[in-house]
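I opened a new notebook page for this structure.

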Amino acid sequence: MNRQAKRRLFAIVLCVCFVAGSLLAAAFIITHADHDCTGHDCSVCAHIHSAETLLQQLGVFTVCFAAV
């Protein structure tokens with residue numbers, strides 16, 4: 001496998017991971033948005049917050065990558 005083929009494969013894998021991460025995080029937020037919250041230490045709320053943070057960071061990454 002030559003260098004150009006390796007770069008192309010890496011780019012495809014990176015895109016697939018980006019899309020999968022975005023879709024899975026959004027799906028988790030959508031499916032768990034109306035859960036029965038247990039209060040201050042709710043683990044589902046913590047996971048939703050983590051998924052929201054991931055989506056925000058992926059958005060910033062996309063803007064920075066497009067600028068470069």
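My entries follow, topic by topic.

**Ground rules.** I am reading a predicted model, where local features need pLDDT of at least 70, side-chain atom pairs count only at pLDDT 80 or more, and totals for chains, interfaces and linings use all residues. Residues are numbered from 1 along each chain as its sequence is written, and side-chain values use heavy atoms, without hydrogens and water.

**Surface patch.** I looked for nonpolar surface and found a patch of about 460 Å², made by Phe10, Leu14, Phe61 and Phe65. A patch joins nonpolar side chains (Val, Leu, Ile, Met, Phe, Trp, Tyr) within 5 Å, from residues with over 30% relative accessible area and no salt bridge. I noted that α1 (3–32) and α2 (43–67) each give at least two residues to this patch. Helices here are DSSP runs of H or I, at least four residues.

**Phe61.** I placed Phe61 in helix α2. Is Phe61 buried, exposed or partly exposed? Phe61 is partly exposed, because its relative accessible area is 42% (buried is under 20%, exposed over 50%, 1.4 Å probe, protein chains only).

**Largest pocket.** I read about 210 Å³ of space in the largest pocket. Phe61 is one of its lining residues, and Leu14 and Phe65 are among the others. Six lining residues come from α1, the largest share.

**Loop.** I found Asp34 in the loop between α1 and α2. Asp34 counts as exposed because its relative accessibility is 65%. From Asp34 to Arg7 I noted 27 residues in sequence and 42 Å in space, C-alpha to C-alpha.

How values were computed:
Patches are made of residues with over 30% relative accessible area and no salt bridge: like charges are joined within 9 Å, nonpolar side chains (Val, Leu, Ile, Met, Phe, Trp, Tyr) within 5 Å. Accessible areas come from the Shrake-Rupley method with a 1.4 Å probe; for residues, only the protein chains shown count as cover. A salt bridge is a side-chain nitrogen of Lys or Arg within 4 Å of a carboxyl oxygen of Asp or Glu. On a 1 Å grid over the protein atoms alone, a cavity is a set of points where a 1.4 Å probe fits but cannot get out, and a pocket is an open set with protein on both sides within 12 Å along at least five of seven lines; lining residues have an atom within 4 Å of a point. Grid points are joined across faces, edges and corners, and a volume is the space filled by probe spheres set on the points.
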